[in-house]
Amino acid sequence: MNTKDFIIEKLSQADESPISGEELALQCGVSRAAIWKAINSLRQEGYEISGTTNGGYQLSSSGDILTHKTLSRFFTSTFPQFAQSHIECFKEIDSTVSYAERCISSAGALRDANGELTEAGKSFHNSIIVAETQTAGRGRSGRSFVSPLKTGIYLTVIYAPKGGITNPAKITAFSAVAVCRALKTLYGIEPSIKWINDIFYNGKKVCGILTTGSTNFETGIIESAIIGIGINIEENPAAFGKELSKTAGGIFSGEGKKIPRAQLAAKVAGNVLTVLSEPESAVIEEYKNLSFIIGREVEVHSLIDSSAGIYTAKVVDIDKNLALVVELDDGTRRSLISGEVSLKSDFFTARNEL
């Protein structure tokens, strides 16, 4: 662990009392001058650290910083019913989804012969993994998800309910509702959903959701869902590139109150865990009301990333199973549970898949 990471870890674990530069130097095995230099570097990176070498240093709880301490504080105060959730926070990781998959894979059986959660299952159920940046962020169908530092949040929730996962589409769609609730509550904005998992604001995609699962091959039960959520807080043309910047945007334009990323991550994660236990019919109705694709003409790609099987249709509904119901020119209706659709208008092109 380098000096800066050591300092952040120690300051984030401290109580309300500051830690002197001398104490940090002794614990880290470096000079006080090295501590001072590292503190200044951290401040330039955006960390709000008060104090001086002689007076002691303290990490501000209100700064826009993602640490286990700040995330846990926001999460447990807002969602005390999930206070036992396991939380991990990384400055950098390959992918929060990949990390969660590795954890589940190494945990062994999540359920015993009677279908009850094992100790491993209990420890991973409702787990939350958050990162400041991802080096190999994952999108759907093997696509990458650009995850720049300081301008977004990247989190994964592990959900292992009693009886396993019976409707994977519900997990993804309900998580989209949870994200919209968080953005509306914290930022006062009105985001919308494009079937089935993309969140749009001001005509651009600001959030993507990737859900994977772990299956018990002996029982055939999907034991857990791994819900990956990436939210662009600010637009980042340098990281997005010219083409991606045409469709990818951010939820914060510089106006109004800037919400700490730890607070946003906590709100999204807590909303996900909450919405998954709510009555299905009510959440599906909320999902439909948030959808902007109903009533629009779309181009359907029955085979993802293929020019085969493409046709045009009008979206007429989203059914109780969260399938997209489309109507062809001859009046024939089809329910889509897989494939990809694209929707074009004068101000944006939205593309998504299930």
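This is a predicted model: local features need pLDDT of at least 70, side-chain atom pairs count only at pLDDT 80 or more; totals for chains, interfaces and linings use all residues.
Reader: Why is Ser175 called buried?

Author: Its relative accessible area is 0%. Ser175 belongs to helix H7, which covers residues 168–187.

Reader: Which residues is Ser175 in contact with, leaving aside neighbours within four places in sequence?

Author: Ser175 is in contact with Ile209, Ile227 and Val272.

Reader: How many aromatic pairs does a search of the whole structure find?

Author: The search finds three. One of them joins Phe75 and Phe79.

Reader: What makes the pair of Phe75 and Phe79 tilted?

Author: The angle between the planes is 35°. Planes under 30 degrees apart count as stacked and those over 60 as edge-to-face, the rest being tilted; the pair of Phe75 and Phe79 is therefore tilted. The centres are 5.7 Å apart. Phe75 has 1% relative accessibility and Phe79 has 6%, so Phe75 counts as buried and Phe79 is buried as well.

Reader: Why is the pair of Phe90 and Tyr99 called edge-to-face?

Author: Its planes stand at 65°, and the class requires over 60. The centre to centre distance is 5.0 Å, and rings pair if their centres lie within 6.5 Å.

Reader: Why is Phe90 partly exposed, and why does Tyr99 count as buried?

Author: The limit for buried is under 20%. Tyr99, at 17%, therefore counts as buried. Phe90, at 22%, is partly exposed because that class runs from this limit to the exposed class, over 50%.

Reader: Where does Arg334 lie relative to Tyr311?

Author: Arg334 lies over the face of Tyr311, 4.6 Å from the ring centre.

Definitions and conventions:
Residues are numbered from 1 along each chain as its sequence is written. Side-chain values use heavy atoms; hydrogens and water are left out. Helices (H or I, at least four residues) and strands (E, at least two) are DSSP runs, numbered from the N terminus. Buried means under 20% relative accessible area, exposed over 50%, partly exposed in between (1.4 Å probe, protein chains only). Contact means heavy atoms within 4.5 Å. Rings of Phe, Tyr and Trp (its six-membered ring) pair if their centres lie within 6.5 Å; planes under 30 degrees apart count as stacked, over 60 as edge-to-face and the rest as tilted. A charge sits over a ring if NZ of Lys or CZ of Arg is within 6 Å of the ring centre and within 35 degrees of the ring normal.
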